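Group the points by topic and state the cut-offs behind each term.

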Amino acid sequence: MTEDDTARVLAGRLLDAQVQWLLNEVSGDRFAEVVARDVAAALEVAGTVRAGEVVEIEQLEQTVATLVDKVGGSAVLADTAGLFADAIYDSIAANEDHTLGELVEREPVEALLQKIVDMHQTQERVLERLTDSPLVATVASKFVDKLVGDFVEANRQRAEKIPGMGTLMSLGQSAADRARKVAESNTILGDIAGRGALYALKRTNNAIREMLRDAPVHDATMEFWDLHADEPISGLREYLTKQDLHELVGLCYRIAVTTREKEYFGLLVAECVQVFHKKYRDHTLAELLAELGLTGEDIVTEILRYGPAVVAAAERDGVLAGLIRERLEPFYYSDEILKILTPSE
């Protein structure tokens, strides 16, 4: 046997020994010890490295953009959005053990409602923009007409009980109907009607504004909440069907997917990334993990939750050993190692 052959035999034996050693490191109880040791060592190093030193803002922006683009529009989300909606509805429909109040606490709901009621600037702007829409003005006008019409009808029914008043009310109604037809066919009167619609809208806006500021909207809404809070969650299905929820989730998903493709959305994401990087770039990686609420124990637990099953599956039929050998073999049979293993004269 030549010296070169001898060196290759030694290299093969060393390779076999290291492959087996690595297999032992990730098998059985030893795996948990190795994971705990390596996670602790990694966190120790992470405690000395600042986030800004290893993650540049451009890299972070590209990573987030990739996640939004690839994951946000992935087939998995598209396929599961509707499935999740159906599963949630089935769960809601069947759940009689929990109430809405147990799921959502009253205090944050009340605070959210109070904040909405107190957002006067938003209310004013919304009501102001409503006046720019002729169609909304028409709707408001019809709404006011409906209220007035219902009021008149109620009083007409009362008046008809009085002798002679029924005929008088009928004449008045006929005259009003003729006047409405003339107004619809006359341009000048039509313009007046248009201004009347705008006036009706402003009156409606004023009523909404006064109701939000003066009326007990907050108390009334919380009373509505309290009526549902003690009922089983299954009662929520009375508000919409399974198909309604499925279609709503699908529409919301479509809005999210199409929005993420817009340039302005990318600018918003980039701005958020910059804010995040600026806030945490001076934190060490270990501190950043702590800010996220993760400890070394949490990381070890999650690795051990899935790791053993993955390793056991890879060990079957020698797959894992083959992968390890494939990575190490070029090293052991390299010229440098064979030279070291060649007997010296």
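In this predicted model, R106, V109, E110, L113 and Q114 of helix α7 meet H218, T221, M222, W225 and D226 of helix α12, where contact means heavy atoms within 4.5 Å. By class, this contact of α7 with α12 has four nonpolar, three polar and three charged residues, counting Ala, Val, Leu, Ile, Met, Phe, Trp, Tyr, Cys and Pro as nonpolar, Asp, Glu, Lys and Arg as charged, and the others, Gly among them, as polar. Local features need pLDDT of at least 70, and side-chain atom pairs count only at pLDDT 80 or more, whereas totals for chains, interfaces and linings use all residues of the predicted model. Residues are numbered from 1 along each chain as its sequence is written, and side-chain values use heavy atoms, with hydrogens and water left out.

**Helices α7 and α12**
- The axes of α7 (residues 106–118) and α12 (residues 217–229) come within 10 Å and cross at roughly 150°; axes are lines fitted to C-alpha atoms, for helices over the stretch in contact, and angles run from 0 to 180 degrees between N-to-C directions.
- Helices are DSSP runs (H or I, at least four residues), numbered from the N terminus.
- α7 and α12 are therefore roughly antiparallel to each other, a term for angles over 145 degrees, while under 35 is roughly parallel, 65 to 115 roughly perpendicular and the rest oblique.
- α7 passes α12 in a right-handed crossing, in which the near helix is turned clockwise from the far one by less than a right angle.

**Helices α1 and α17**
- Helix α1 (residues 3–25) packs with helix α17 (residues 319–332) at an angle of about 140°, their axes being 10 Å apart, and the two are therefore oblique to each other.
- On the α1 side the contact includes A11, L14 and L15, and on the α17 side it includes L320, A321 and I324.
- The residues of this contact divide into 11 nonpolar, one polar and three charged.

- A search of the whole structure finds one cavity of 30 Å³ or more, a cavity being a set of points on a 1 Å grid over the protein atoms alone where a 1.4 Å probe fits but cannot get out.
- About 40 Å³ of space lies in the largest cavity, with grid points joined across faces, edges and corners and the volume taken as the space filled by probe spheres set on the points.
- The largest cavity is lined by L100, H228, E231, P232, I233, G235 and L236, lining residues having an atom within 4 Å of a point.
- Four nonpolar, two polar and one charged residues make up that lining.

Conventions
On a 1 Å grid over the protein atoms alone, a cavity is a set of points where a 1.4 Å probe fits but cannot get out, and a pocket is an open set with protein on both sides within 12 Å along at least five of seven lines; lining residues have an atom within 4 Å of a point.
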